[in-house]
Amino acid sequence: MFDFSTITTAIDQFLHSVLPSQAALLVECILVALCAVLAYVMLAIVMIFMERKVCAAFQCRLGPMRVGPWGLLQVFADVFKMLIKEIISIKNSDKVLYNLAPYLVVMSSVLTFSCLPFAKGLQVLDFNIGVFFIMAASSFGVLGILLAGWSSNNKYSMIGAVRSGAQMISYELSIGLCILSIVALSGTMQISELVAAQADGWFIFRGHIPAFVAFIIYLIAGNAETNRAPFDLPEAESELTAGFHTEYSGMHFGFFYVAEFMNLFIVAGIASTLFLGGWTPLHISGFDSFNTIMDYIPGVVWFLGKTFFVIWLLMWVRWTFPRLRIDQVVSLEWKYLVPIGLLNLLIMTLCVVMGWTF
Amino acid sequence: MNPEFIDINDFRARMETLRRTGMNFLRDIIGMDWGEEGLGAIYSLENTSTGQVLQTAVRCCDREKPSIPTVCDLWSVAELYEREVYDFFGIHFAGHPDMRRLYLRNDWVGHPLRKDYNEDEAINPIRMENEIPEDVQRPYELAEDAEMEISDKLTNKIHGDQYIINIGPQHPATHGVLRFRLALDGEEIRKIDIHCGYIHRGIEKMSEKMTYPQILALTDRLDYLSAHQNRHALCMCIEKAMGIEITDRTQYIRTIMDELQRIDSHLLFLSCAAMDLGAITTFIYGFRDREKILDIFEEVTGGRLIQNYNTIGGVQYDITPDFAKKVKEFCQYQKGKLQEYNDVFTNNIITRKRMIGVGILSYDDAISYGCTGGTGRASGWACDVRKRHPYALYDKVDFKEIIYKNGDCYDRFLVRLDEIVESIHIIEQLIDNIPEGDYKVKTKPIIRIPEGRYSASVEGSRGEFGVFIESKGDKSPYRIKFRPMGLPLVAAMHKILKGAKIADLIAIGATLDYVIPDIDR
Amino acid sequence: MEFKETYIGRIFYGMRSLLIGLHTTLKEFFTKKVTEQYPENRKTQHISERHRAMLYMPLDENGNNKCIACGLCANTCPNGTIVIKTKTVTDEETGKSKKVLVDYTYDLGSCMYCQLCVNVCPKEAIAFNNHFENAVFDRSKLFIKLNK
């Protein structure tokens, strides 16, 4: 498997040879940020297009077909429209917080995004408590949503924001428990090591039943974290028109929109990293020729393939189910997911201790 | 049918007696302006256990300060009906707790359905400023000396210090321009205040200047999802009044069309209910299948939503040669698709949790609020006009009246799903046996209805749709009144909403299945 | 207590109903789509002959309309959509005077397609056609002169 760290080290050495070390660091930071944001935006555009087409297919429609062949340029047109729209300022709103909120949401998702291992060595942030960092970074997105709802001086937004707060804080717990059971299985918190440990077998196979249960719970809770149906109450359009981002327009709304999609990507990306082996190819022990063929497929393709499969799963769910009510959302978490998650963690630990894993 | 006129002094006592003796369903209150003889109202009552029908009327000679005792404590639905009469005729209902206008603005001058109403536009210009809500309303009461006076008791609808949120008039879940003012406590709804009239077009007022064929064109625009049934009711009423016998072929066509329209409406109900609960895919499935009915409508009537099909004495066009084949194909197709709705939505655990036990309307409340149609039947009230007072061919076909017991959202939803099956069943019995004959009988070029009062009612897609005509023998009616199907449903809203959450309001609104142009007229 | 109402039973039946739902949408994912791509399918698109899109005057084989300028259609219209201008012409041979149509204006913007005018016309001089693509940029273009 090709290691991207050879390229990054080469660039690093080159920069250090021509620049003083402080300046080299600065240039590296800018380069990395540029690449990360570019990837972030491009993926968001791909996902918006995918969402519209997948949704249409589930609904017996064709989806966008007008702009470009098969509507391929539709999203670019939408982005362009969003860019040239006026950002309307709201009377009696808390101007500072109102303008800050969308950036908080985007910041949290970019930070989490930078932890994703796209391929061997192709990862912005990688340190020994990477999993912890992901959870911490992703959970301050809720702050942006709460602030957006509060500052826009709109009652719909307010209700949406409060719903979102209750929901996201609850579901963090389940996500934590699922990740914890994988950490228990692998014995490490560093993301690169987590992926490397799956080279011989993905955790969802090695951890068998408890890993599978954790995967399902993770998908449910991840769906709730991203405020997507059936957990889209914060922006339930038939109840609260648009929930917390009712008053936002132009690119401010665009930030929420992009962040929502990228959160979906991140949730799917983490799912594929933790459960489906990240960028490691599918290996079946005993079939050596098969394994070598699999090795020829680059890691990026493996990672994106798995991630987009999980995204497709989540879209399938989103376009099938009706929305829950707020008390049902909370009771689903506290009465079902948390107890099952705890039990699952216990079983997983037991399996690891007794060596009942593959 | 001529109403029983009651002296205003005995009115209250007589109505109380009627209520006690089982006249528990107040179909409608029809405000009347009899000119010299004064203002008044006609009450249409029915005994739901015996089927006995009665109309009573009361007159008030004082045109300056007309007042009639209220009956809203006897029949809950009268609360909104009386507000409507007050709005259009200026009759105060003494003892009514909330005597506000229902449709027009608070600052509207005059009462438009009175015969002496001044239509000058300068009096009621298009107002550019906001309407100030009358949150604190002083009720009018009948004092000892029979004079109207404003009571000191304040009936607070909604306090200013509550968390008030407006659902509507522009809101995705009200399916039109209806406005609820909600007082919230967290997510829970404490009070609801309903504002109608955002799409009030004054169809009853317009009709008083139009000829009968012209009025027919307006009925499609009342409840646009019961266009055929509405028009059927008015045609039936006019035909009855003029003594026109329509052919069997017409009866068959009308019945089939009514049922197709009912399926159309119920499919839209199902779709919109699903969308309100967040299941957008089910919404598209419903619309996909509804398209097939609309195609049939377009082929036969020339219209998809506004069909203009029934005319006085028949129908506009004969059916097309392949009509029967297409309808049979559709029936087969639709039967298969019902299982899909059940799989993807009805039996879904989330749907069940959202709907079961939510928004319960009890049997007694359903009758007291006059909630006919699927809503009433979900509460156990056998209120189908097709069974109670059969018209067209409904006494000849075999079909089941769908009745559920719980009266919650889920039952209201299931009633409609099952009614689709029953409607298909009715169509299948009729479609192969359409007799040969004329689709239309010749009528006089100018339609005049002999003097008198006439009424007819049909089972619309969402309840009993009634037409009342008072004629003086002219080309136009002296007074025409359409019984709205949606107004009683909206009236029952605050009863149903006890302890509900915002999300429940959406589910309840979706399953009550009101259509705003029908409420506002 | 029945299995359905136990904690495990609720999870089991809940999951089952969700899976049935997922199965249904998955089937639709692979079925043929029903979208009609409107401007492209103009050639194949079927519009009912009875569809009321716009009033027009059918011409006879000599290219004349059948209107006798009686004004019944204008009178019967609920919205005043039709305005007819006539002039009186005296026939030179018989000496009888006769009303002749000068201008038949139809306001597409206020027509509500109730078909009363077509029904009332004694000569079948007007009818509805299928030309439904009537969007224009200017309201005044909706006033259409029907007699040519």
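In this predicted model, chain C and chain B bury about 2,200 Å² between them, and carbon and sulfur atoms give 49% of that area. The contact draws on 25 residues of chain C and 31 residues of chain B. One salt bridge is counted between chain C and chain B: the side chains of Glu28(C) and Arg288(B) meet in it, with a distance of 3.4 Å from N to O. Polar contacts between chain C and chain B number 16 residue pairs, with both residues at pLDDT 80 or more.

On the side of chain C that touches chain B, the elements giving two or more residues are helix 1 (7–30), helix 2 (72–76) and helix 3 (116–120) of chain C. Helix 1 of chain C provides the largest share of that side, eight residues. Sorted by class, the side of chain C that touches chain B holds 10 nonpolar, 12 polar and three charged residues.

Chain B also meets chain A. Here 34 residues of chain B are in contact with 25 residues of chain A. The area buried between chain B and chain A is about 2,500 Å², with 58% given by carbon and sulfur atoms. Of the area that chain B buries against chain A, 20% is supplied by Tyr163(B), Glu187(B) and Ile350(B), more than by any other three residues.

One salt bridge is found across the interface of chain B and chain A. Arg325(A) forms a salt bridge with Asp504(B), and the closest N and O atoms are 2.8 Å apart. Eight residue pairs are in polar contact between chain B and chain A, both residues being at pLDDT 80 or more. Several elements of chain B give two or more residues to the side that touches chain A, among them strand 11 (163–167), helix 6 (248–276) and helix 16 (502–512). By class, the side of chain B that touches chain A comprises 20 nonpolar, seven polar and seven charged residues.

| Residue pair | N to O distance |
|---|---|
| Glu28(C) and Arg288(B) | 3.4 Å |
| Arg325(A) and Asp504(B) | 2.8 Å |

Within chain B, four strands form an open sheet in the order 1-4-3-2, with mixed pairing. Strand 1 (4–6) and strand 2 (25–33) of chain B lie at the edges with a single partner strand each, so one side of each has no neighbour in the sheet. From one strand to the next, the twist averages 25°. Strand 1 and strand 4 (residues 53–60) of chain B pair in the parallel sense over three bridges, and Ile6(B) stands opposite Val58(B) in strand 4 of chain B.

Helix 1 (residues 8–20) of chain B packs on this sheet, where it touches strand 1, strand 3 (39–46) and strand 4 of chain B. The direction of helix 1 of chain B makes about 160° with that of strand 4 of chain B. Helix 2 (residues 78–89) of chain B lies across strand 2 and strand 3 of chain B and runs at about 10° to strand 2 of chain B.

Chain C contains an open sheet of three strands in the order 2-3-5, with antiparallel pairing. Strand 2 (82–90) and strand 5 (143–145) of chain C are at the edges, each with a single partner strand, so one side of each is left without a neighbour in the sheet. The twist in this sheet averages 30° from one strand to the next. Strand 3 (residues 97–107) and strand 5 of chain C pair in the antiparallel sense over three bridges. In strand 5 of chain C, Phe143(C) is the bridge partner of Asp107(C).

Terms used
Residues numbered from 1 in each chain as written. Chains lettered and ligands numbered in written order. Predicted model: local features only at pLDDT ≥ 70, side-chain atom pairs only at ≥ 80, totals over all residues. Heavy atoms only, no water. Pairing = 2+ DSSP bridges. Axes fitted to C-alpha atoms, helices over the stretch in contact; angles between N-to-C directions. Contact = heavy atoms within 4.5 Å. Buried area = accessible area lost by both parts, 1.4 Å probe. Salt bridge = Lys/Arg side-chain N within 4 Å of Asp/Glu carboxyl O. Polar contact = N/O pair within 3.5 Å; in protein donor to acceptor, adjacent residues only side chain to side chain. Nonpolar A, V, L, I, M, F, W, Y, C, P; charged D, E, K, R; others polar.
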